[in-house]
Each structure stands twice: as structure tokens, then as C-alpha cells.
Amino acid sequence: MTVFHFFNCAILTFGPHAVYYSATPLSEYDTLGTSIKAAVVYLATALVKLVCLATFLKVSESDSFDPYQEFLKALIGFIDVAGLYFALTQLTHRNISQNHKFQAVGLGWAFADSVLHRLAPLWVGARGLEFTWDYILQGLEANANLVLSISLAALGSLMWLRKNKPRTLIPIIYMCAGIVATMPSITSYLRRGLGWHFPEVVGFELFTSLVMAFISWQLFTACQRPSV
């Protein structure tokens, strides 16, 4: 039963990444190499973030919300944006369109995040003797992160690769990218500052990911229209 629970949680956590790759044109255009490169960039970015967090943040003795500490975490979190910029603009990609490039980068980014942050807890905890919903919720959280990562990659593609975008949309693009990039701090505030429980936070992440995906899709579509 415990092994069955582990495999269910693992499929829920990592399965959508494989489904997204195989069910979209990414598999037809052989963008796996781009996703792997993006995953490597994510791991390097995570290492830099870890060093910065260990250097500039103090160890808190309580689990209460500290605005100053969270502000520093949010600033350090923008290292992800820098890593995403490198993955989108500096890596050599196959001859694929901008549309497929940001999806492949976002997919690799999200998969590396799930492996780094959820594989070990899943392996240790989901095989326990006592059933818990926590690892199912972690799988749902990984799905929300997949959508948010692709949305952020789409917004980054518009910011850095799309030159002829409408000027009226530029502030909206940057604002949406800022919201997605600071989602860890937002969820930390909900959990520590407002006392939300884990299921409530995951529900918020799922809802926000769908909203940001819709907005990103609308912005990307609007920027692809020929200017009059």
C-alpha cells in the first residue's frame, strides 16, 4: 500500500511534465535538449540562491512572518529571473520558434524544481506506514509550479525576445512577471503571516497559476498580432 501511494504521488508530481511534453508540439520538434539545458541552468541558479540565502539571511528561531527577511528572500528570488533570462537568450537552441522555445525552457525549469525540492521528501515520506494528504498536495503544488514556470518563461520571452510588442502592454507584462517571480514570498506570507494551512495555500497557487497562464496566453497572443 505504501509503495502504491508513493507511485501515485510520484506520477501526480512528475507525470504532468511528461504529458505536457508528449501532448504538445514540443515532442515533434525535438526540444528535449532545450529542456535539459534549462534544467541545468536552474540547478546552477538554485546553487547561487542557496549561497545567497546562507550568506544574507539569519536563522530564525520562530516560524513567524519576518517582513525584512521575506523582502531579502524576494530579492534573492529574482536570481531565478536572471537564470531564466540566460536560458532564453544565451543558450544555443535548435531552430525552433519562440513559441516552442519558452515552453521547452519553462518545462525544463519546472521539472528541475520538482526534482530538487520534492523528490527526496516524496521518497522518504510517501513510503511511510501512515497515509497523509501532504504528498498529494505537494504533487498538486508541483502542477501549479509547472504552469507558473511556463507562464514566467512566456512573459520573459515577451520581455527579452519580442521587439515589436505594443507599448501599452509592456507595463502589464512586467507587472505579471513580477507577480509570478515573487510567488514564493506571497505564499510564505499567506502561510506565516495570515496562518493559512497547506491545502489553502496549494488551492491559492492552483488558482493563481491558472489566472496567470490565461493572462500570459492573452498577452502572448496580443503581441503576435501584426501592428497596424
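The points below concern pockets, a surface patch and salt bridges.

1. Basis. The model is predicted, so that local features need pLDDT of at least 70 and side-chain atom pairs count only at pLDDT 80 or more, while totals for chains, interfaces and linings use all residues. Residues are numbered from 1 along each chain as its sequence is written, and side-chain values use heavy atoms, with hydrogens and water left out.

2. Largest pocket. The largest pocket holds about 1300 Å³ of space. Its lining comprises 40 residues, and the closest to its centre are K49, D113, H117, P184 and T187. A pocket is an open set of points on a 1 Å grid over the protein atoms alone, where a 1.4 Å probe fits, with protein on both sides within 12 Å along at least five of seven lines; lining residues have an atom within 4 Å of a point. Volume is the space filled by probe spheres set on the points. The lining divides into 21 nonpolar, nine polar and 10 charged residues, where Ala, Val, Leu, Ile, Met, Phe, Trp, Tyr, Cys and Pro count as nonpolar, Asp, Glu, Lys and Arg as charged, and the others as polar.

3. Second largest pocket. The volume here is about 240 Å³. Among the 15 lining residues, Y20, F102, I150, A213 and W217 are the closest to the centre. Helix α9 supplies the largest share of this lining, six residues; helices are DSSP runs (H or I, at least four residues), numbered from the N terminus. The lining has nine nonpolar, six polar and no charged residues.

4. Salt bridge of K49. The whole structure contains five salt bridges, each a side-chain nitrogen of Lys or Arg within 4 Å of a carboxyl oxygen of Asp or Glu. One of them joins K49 and D80 (2.9 Å, N to O). Because K49 lies in helix α2 and D80 in helix α4, the pair ties together parts that are 31 residues apart in sequence. Both K49 and D80 are buried, that is, under 20% relative accessible area with a 1.4 Å probe and protein chains only (exposed is over 50%, partly exposed in between).

5. Network around E70. A network of salt bridges links E70, K73 and R192. E70 is buried at 5% relative accessible area, whereas K73 is partly exposed at 30% and R192 is partly exposed at 29%.

How values were computed: Helix = DSSP H or I, 4+ residues; strand = E, 2+ residues; numbered from the N terminus.
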